[in-house]
Amino acid sequence: MPGAEADAGTGTRRINSGPGRALIAVYILFAIAATSRAGYQIATRFDEAPVAYLLSALAAVIYIVATVGLARGDRLGRRTALVCCTVELAGVLSVGALSLLDPALFPDDTVWSDFGGGYGYVPLVLPVLGLLWLRRTRRPAAARSQPNASSRQSRIQR
């Protein structure tokens with residue numbers, strides 16, 4: 001697959017190459033945007049809407065950790081990104097729904113309010129793209145079911 005080169009010897013396609021780099025760039029942008037927004041709101045107007053501003057801070061942390069996971073590109077990075085994208089999607093869906101059903105809960109917008117409408121709905125699309133990319137670049141099922149050569153070698157030596 002173009003843009004999803006295989007790591008030597010593992011059969012795993014790299015998540016931090018090809019389109020994965022564009023995904024990382026968007027996550028970096030959102031990490032900066034959400035961190036800046038939350039930091040400013042918490043520092044200057046926290047008493048007006050503490051839940052909304054803390055949710056924006058949570059979104060910022062998730063974007064930062066997801067960025068690191070995607071950029072690492074190794075097994076731990078992949079798992080980290082998977083957890084972050086899943087939590088992010090659950091967050092944007094739940095906060096988005098709550099912000100529309102009961103706007104009084106969020107007197108000021110969060111990154112995830114109105115399903116990320118204030119950010120062009122990118123917060124809604126981004127975790128879906130992240131999960132799809134992680135799925136596309138995972139190891140083939142046959143490679144996952146077979147032990148790697150080093151574990152076979154260690155069993156032979158025993």
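User: In this predicted model, which side chain of opposite charge is nearest to Glu 88, a residue that is buried yet has no salt bridge?
Analyst: Glu 88 is buried in the predicted model, and its place is in helix 3, which covers residues 75–101. A salt bridge needs a side-chain nitrogen of Lys or Arg within 4 Å of a carboxyl oxygen of Asp or Glu, and Glu 88 has none, since the nearest side chain of opposite charge is 14 Å away. That side chain belongs to Arg 37.

User: With which residues is Glu 88 in contact, leaving aside its neighbours within four places in sequence?
Analyst: Helix 3 holds Glu 88, and the contacts asked about leave aside the neighbours within four places in sequence. The residues in contact with Glu 88 are Tyr 27, Ile 62, Tyr 63, Trp 112, Pro 123, Leu 126 and Pro 127.

User: What separation is there between the C-alpha atoms of Pro 127 and Tyr 27?
Analyst: Pro 127 lies in helix 4 and counts as buried because its relative accessibility is 0%. Leaving aside neighbours within four places in sequence, Pro 127 is in contact with Tyr 27, Cys 85, Glu 88, Leu 89 and Val 122. Although Pro 127 and Tyr 27 are 100 residues apart along the chain, their C-alpha atoms are separated by 9.6 Å.

User: How many helices and strands does the secondary structure of the protein chain come to?
Analyst: Read from the N terminus on, the elements of the protein chain run α-α-α-α-α-α. The secondary structure therefore comes to six helices and zero strands.

User: How many residues apart in sequence are the parts that the pair of Phe 30 and Tyr 119 ties together?
Analyst: The count of aromatic pairs comes to three, and one of them joins Phe 30 and Tyr 119 in a tilted arrangement, 5.6 Å centre to centre with 50° between the planes. Phe 30 lies in helix 1 (residues 19–45) and Tyr 119 in the loop between helix 3 and helix 4 (122–136), so the parts tied together are apart in sequence by 89 residues.

User: Is Phe 30 buried or exposed, and which residues form the aromatic cluster it belongs to?
Analyst: Phe 30 is buried because its relative accessibility is 8%, whereas Tyr 119 is partly exposed at 23%. The one aromatic cluster that includes both is formed by Tyr 27, Phe 30, Tyr 63 and Tyr 119.

User: What is the phi of Tyr 121, which is not a glycine?
Analyst: Most residues other than glycine have a negative phi. In the loop between helix 3 and helix 4 is Phe 115, which has a positive phi of about 60° although it is not a glycine. Tyr 121 is found in the loop between helix 3 and helix 4 and counts as partly exposed, at 45% relative accessibility. The phi of Tyr 121 is positive, at about 65°.

User: How far apart are the closest N and O atoms of Arg 45 and Asp 108?
Analyst: A search of the whole structure finds two salt bridges, and one of them is formed by Arg 45 with Asp 108. This pair links distant parts of the chain, with Arg 45 in helix 1 and Asp 108 in the loop between helix 3 and helix 4, 63 residues apart. Arg 45 is partly exposed, with a relative accessible area of 27%. The closest N and O atoms of the pair are apart by 3.2 Å.

User: With which residue does Arg 72 form a salt bridge?
Analyst: Arg 72 is partly exposed, with a relative accessible area of 45%. The closest N and O atoms of the salt bridge are 2.6 Å apart, and the partner of Arg 72 is Asp 74.

User: What is the area of the nonpolar surface patch made by Val 61, Ile 64, Val 65 and Val 68?
Analyst: Val 68 has its place in helix 2, residues 50–72, and counts as partly exposed because its relative accessibility is 46%. Together with Val 61, Ile 64 and Val 65, Val 68 makes a nonpolar surface patch of about 300 Å².

Terms used:
Residues numbered from 1 in each chain as written. Predicted model: local features only at pLDDT ≥ 70, side-chain atom pairs only at ≥ 80, totals over all residues. Heavy atoms only, no water. Helix = DSSP H or I, 4+ residues; strand = E, 2+ residues; numbered from the N terminus. Buried < 20%, exposed > 50% of the residue type's maximum accessible area, 1.4 Å probe, protein only. Lys, Arg positive; Asp, Glu negative; His and termini not counted. Contact = heavy atoms within 4.5 Å. Patch = residues over 30% accessible without salt bridge, like charges linked within 9 Å, V, L, I, M, F, W, Y side chains within 5 Å. Areas by Shrake-Rupley, 256 points an atom, 1.4 Å probe, with all protein chains shown as cover. Phe/Tyr/Trp six-rings, centres within 6.5 Å; stacked < 30°, edge-to-face > 60°.
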